[in-house]
Amino acid sequence: MKLKSILLIVLLSQMSIFGQSFRPIPEWLKTAAFYQIYPQSFKDTNGDGIGDINGIISKLDYIKWLGIDAIWLNPCFESSFQDAGYDVTDFYKVAARYGTNNDLKRLFKEAHKRKIRVCLDLVAGHTSADHPWFQASQSAVHNEFSDRFIWTNDSTVKPERHISGKFERNGTYRKNFFDCQPALNYGFGQPDSTQQWQQPVTAPGPIATRNELVKIINFWMDMGCDGFRVDMAPSLIKNDPNKVETNKLWHGIRREFQKKYPQGILIAEWGNPANAIKAGFMMDFIIHLGNNGYSSMFFNKEGTYRRDTCYFDIAGVGTPTKFVDYYLEQLRVVGDSGYVCVPTANHDFQRPNAGTRNSEEQLRVLTAFLMTIPGVPLYYYGDEIGMKFIPNLPNKEGSQLTKGNRAGSRTPMQWDGSDGAGFSTAPIEKFYLPIDSSAYRPNVETQINNPTSFLYFNRNLLQLRKKYPALGTRGEIKFLYAKSNTYPLVYERSFGSERFIVVVNPSGKSCSVQINNPEQYKKIIPVLADKCAINLAEGGLKIDIDKISYGIFKVID
Ligand SMILES: [Ca+2]
């Protein structure tokens, strides 16, 4: 009997995810708020104009004050910086411009002292073309690294995304993104039998690549890291319909990972949480990738990616339904087996403050929405003070894409009102990227001394999420009013018997709606509201909201 009950407990402690059993996701993720740091632009402590690890350490108290529980750091490893660090030349070494491995170890330690976790960026799919492994793989003599990249066996064979060059070996190599990013060889899900160079996932090269990835993960985890955001997570295995082999790969990695690091987390850059969680990840983002409504919700005419219509725009001609439908479906499929995250922005696309969405009141409406929907909240550095996407910047370390420039979201953090904004003591022309040149650019020092500031507003939102589980990561959401070309957007959040109503109107026109609601609330009180009123009418709600306004209301039973 005793053995049976132990077995039962062991079985119950495993989570079943789409038929796969894993150890449970660490509890801490359920209430965590994230903050993404672009290391080169956060805080410079040695006056070279580039942010560094010591700079991040010096700002941990600020991050804690804001209400953050976990940081995700963009890649901080040795790199040729042709893609701002996503072209790694040594996976085991912090880039000299950011400091040393010991500095990073100290960041882990100092963050943990403050109960903040630190996740690194795992560039799993490729290296820099300058990486010694790739250099060795170019040799005509077969060696340890010959099969660690995807090479054809003839330089005249040049399938899609293959790059030719003057190599000692006869062949072309597969790139992932830029030409300088050769794809690591994790094998092909369905190798083409007429193309001998396409190796199955069980070949020695792909197995060695996979084992090296685990070694990299363990190296940083053993040093004190708390997990990873995995760059381009779905793309490791080539020609893999339905991601059969990709899923197997990540399932295996998650099992090994959780056995050693039960409190560690694995976050995907997949852009489809349902698929990412099926592959074994614990969290994924709804972002600009894929046709998911994120862009129709948040992207206007200015930014890395631009659109004519946008829901969060004063023009008031946007449509929220594409995002709402996709988001609800993702939440439904993911359920309790993982987390969805809808971030304020990231290093690849524009910030909320872009183009005509440039006033604090507009940013309040957008952020009130993002911070009151289910899923893990994430602030991209600087969005908590309303930093601006800066257009027309030069191409910096591969920031320029065909569609637009990513540099506008990567400018130095604005800490104070001094010329260099407290980012660095270097002359401003030596800064990694030009700082926002607006006369009234926002900064932390001014806002932290003003309880009515946007920074405090964001801190208040994070506190509300912590105080009321109904507004938090796992609370339920039901959209009461979400219609094409129509404002406002109204939804109910609930957890157990606790309920909230949230109304947002990003448009430049006031509006009134009558919503039939069979729930028959007894009383509703505003918790955080600006120019928005709800009156309980017969069988429903009568909402009056001014232009560019929001309201968070608690239902009192
Ligand atoms: Ca520096």
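Student: Where is F34 placed in this predicted model?

Tutor: F34 sits in strand 3, residues 34-37.

Student: Is F34 buried or exposed?

Tutor: Count C-beta neighbours; 20 or more within 10 Å means buried. F34 has 22 inside 10 Å, so it counts as buried.

Student: Which residues is F34 in contact with, beyond those within four places in sequence?

Tutor: A70, W72, V376, P377 and L378. F34 and C341 are 307 residues apart in sequence, yet 9.6 Å apart in space, C-alpha to C-alpha.

Student: How do the axes of helix 11 and helix 13 cross?

Tutor: Look at approach and angle together. The axes of helix 11 (residues 360-370) and helix 13 (residues 454-467) come within 11 Å and cross at roughly 10°. Angles under 35 degrees count as roughly parallel. Helix 11 and helix 13 are therefore roughly parallel to each other.

Student: Which residues meet there?

Tutor: From helix 11, E360, L363, R364, T367 and A368; from helix 13, F454, F457, N458 and L461. By class, that contact has five nonpolar, two polar and two charged residues.

Student: Which residues of helix 13 are buried?

Tutor: An α-helix has 3.6 residues a turn, so residues three or four places apart point the same way. In helix 13 the buried residues are F454, L455, F457, N458, L461, L464 and R465. Their cover includes helix 11, helix 12 (444-448) and strand 19 (523-537).

Student: What span should helix 13 have?

Tutor: Its 14 residues, at 1.5 Å a residue, should span 20 Å. The end C-alpha atoms of helix 13 are 20 Å apart, which agrees.

Student: How many residues has the largest nonpolar core?

Tutor: It has 146 residues. Those with the most contacts inside it are I71, C119, I267, F281, M282 and V503. Strand 20 (residues 540-556) gives the most to this core, with eight residues.

Student: What does I267 touch?

Tutor: Skip residues up to four places away in sequence. I267 then touches C119, G227, F228, R229, V230, F281, M282, M283 and D284.

Student: Which backbone angles deserve a look?

Tutor: Check phi, then omega. Phi of M232 is near 45°, a positive value in a residue other than glycine. M232 lies in the loop between strand 10 (227-230) and helix 7 (244-260). With 20 C-beta neighbours inside 10 Å, M232 counts as buried. Phi of A421, also not glycine, is positive, near 60°. A421 lies in the loop between strand 14 (378-380) and helix 12.

Student: Which peptide bond is cis?

Tutor: The one from Y487 to P488, with omega near 0°. P488 is in the loop between strand 15 (476-481) and strand 16 (489-495).

Note on methods
Residues are numbered from 1 along each chain as its sequence is written. This is a predicted model: local features need pLDDT of at least 70, side-chain atom pairs count only at pLDDT 80 or more; totals for chains, interfaces and linings use all residues. Axes are lines fitted to C-alpha atoms, for helices over the stretch in contact, and angles run from 0 to 180 degrees between N-to-C directions. Helices (H or I, at least four residues) and strands (E, at least two) are DSSP runs, numbered from the N terminus. Angles under 35 degrees count as roughly parallel, over 145 as roughly antiparallel, 65 to 115 as roughly perpendicular and the rest as oblique. Two residues are in contact if their C-beta atoms, placed from the backbone, lie within 7 Å. Ala, Val, Leu, Ile, Met, Phe, Trp, Tyr, Cys and Pro count as nonpolar, Asp, Glu, Lys and Arg as charged, and the others, Gly among them, as polar. A nonpolar core is a set of buried Ala, Val, Leu, Ile, Met, Phe, Trp, Tyr and Cys residues joined through C-beta atoms within 7 Å. A residue is buried if 20 or more other C-beta atoms lie within 10 Å of its own, exposed if 12 or fewer, and partly exposed in between; C-beta atoms are placed from the backbone. The expected span of a helix is 1.5 Å times one less than its number of residues.
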